[in-house]
Amino acid sequence: MADIDIPPHLIELESAAWAEQQAGTLTYETAEAVQTAYTEHAAATDGLSRLALEMAVKKLVRHPEPDDV
C-alpha cells in the first residue's frame, strides 16, 4: 500500500471506535463520525480513495508496526 498521510484526528477517531467495538459499545454516532471523517478527508485530497484511507488507518490502529507505537 502506498504511503498515505494520515492526520492525527483520523487515528484518534478510529482508535475510539475500535475501543468501543472491542468493548461491545460501538454506537451509530461514533461509527458515523469515523466514516464522515474518512469521506471528508479523502474528498479534500487529490485522488485519495476513501477506502484506501480507511484501510490504512485501520491497519495502523489495529495492527501497529513496532515503529508506530
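Colleague: Is A16 buried, partly exposed or exposed?
Modeller: This is a predicted model, and in it A16 has a relative accessibility of 37%, so A16 counts as partly exposed. The residue lies in helix α1.

Colleague: And how far is A16 from V61, C-alpha to C-alpha?
Modeller: The C-alpha atoms of A16 and V61 are separated by 9.8 Å, although the two residues are 45 residues apart along the chain.

Colleague: What does V61 touch, leaving out residues up to four places away in sequence?
Modeller: With those left out, V61 touches I11, E14, S15 and W18. V61 is also listed in the largest nonpolar core.

Colleague: Which residues make up that largest nonpolar core?
Modeller: It has 11 residues in all, namely I6, L10, A17, V34, A37, Y38, A42, L53, A56, V57 and V61. The elements that give two or more residues to this core are α1, which spans 8-23, together with α2 and α3.

Colleague: OK, on to the helix pairs. At what angle do α1 and α2 pack?
Modeller: The angle between α1 and α2 is about 155°, and their axes are 9 Å apart. The two helices are therefore roughly antiparallel to each other, and α1 passes α2 in a left-handed crossing.

Colleague: Which residues make the contact?
Modeller: From α1 the contact takes L10, L13, E14, A17 and E20, and from α2 it takes T30, A33, V34, A37, Y38 and H41. Sorted by type, the residues of the contact of α1 with α2 are seven nonpolar, two polar and two charged.

Colleague: What about α2 and α3, what angle do they pack at?
Modeller: Helix α2, residues 28-44, packs against helix α3, residues 50-62, at an angle of about 125°, with the axes 9 Å apart. That makes α2 oblique to α3, and the crossing of these two helices is right-handed.

Colleague: Which residues meet there?
Modeller: On the α2 side they are Q35, Y38, T39, H41 and A42, and these meet R50, L53, E54, V57 and K58 in α3. The residues of this contact of α2 with α3 divide into four nonpolar, three polar and three charged.

Colleague: You mentioned E54. Is E54 buried or exposed?
Modeller: E54 counts as buried because its relative accessibility is 10%. Its place is in helix α3, and, leaving aside neighbours within four places in sequence, E54 is in contact with Q35 and Y38.

Colleague: And R50, is R50 buried, partly exposed or exposed?
Modeller: R50, which lies in helix α3, has a relative accessibility of 30% and so counts as partly exposed. Leaving aside neighbours within four places in sequence, R50 is in contact with Q35, Y38, T39 and A42.

Colleague: Last pair, then. At roughly what angle do α1 and α3 cross?
Modeller: They cross at roughly 65°, and their axes come within 10 Å. The crossing of α1 and α3 is right-handed.

Colleague: What makes that contact?
Modeller: L10, I11, E14, S15, W18 and Q21 of α1 make it with L53, V57, K58, L60, V61 and R62 of α3. By type, the residues of the contact of α1 with α3 divide into seven nonpolar, two polar and three charged.

Colleague: Changing topic to the loops, where is L48?
Modeller: L48 sits in the loop between α2 and α3, and at 23% relative accessibility L48 counts as partly exposed. Apart from neighbours within four places in sequence, the residues in contact with L48 are I4, H41, A42 and L53.

Colleague: How far apart are the C-alpha atoms of L48 and A23?
Modeller: They are separated by 31 Å, and L48 and A23 are 25 residues apart along the chain.

Colleague: And the other loop, where does T25 lie?
Modeller: T25 lies in the loop between α1 and α2, and T25 counts as partly exposed because its relative accessibility is 46%. From T25 to R50 the distance is 25 Å, C-alpha to C-alpha, and the two are 25 residues apart in sequence.

Conventions
Residues numbered from 1 in each chain as written. Predicted model: local features only at pLDDT ≥ 70, side-chain atom pairs only at ≥ 80, totals over all residues. Heavy atoms only, no water. Axes fitted to C-alpha atoms, helices over the stretch in contact; angles between N-to-C directions. Helix = DSSP H or I, 4+ residues; strand = E, 2+ residues; numbered from the N terminus. Parallel < 35°, antiparallel > 145°, perpendicular 65-115°, else oblique. Left-handed = near helix turned anticlockwise from the far one by under 90°. Contact = heavy atoms within 4.5 Å. Nonpolar A, V, L, I, M, F, W, Y, C, P; charged D, E, K, R; others polar. Buried < 20%, exposed > 50% of the residue type's maximum accessible area, 1.4 Å probe, protein only. Core = buried A, V, L, I, M, F, W, Y, C linked by side-chain atoms within 4.5 Å.
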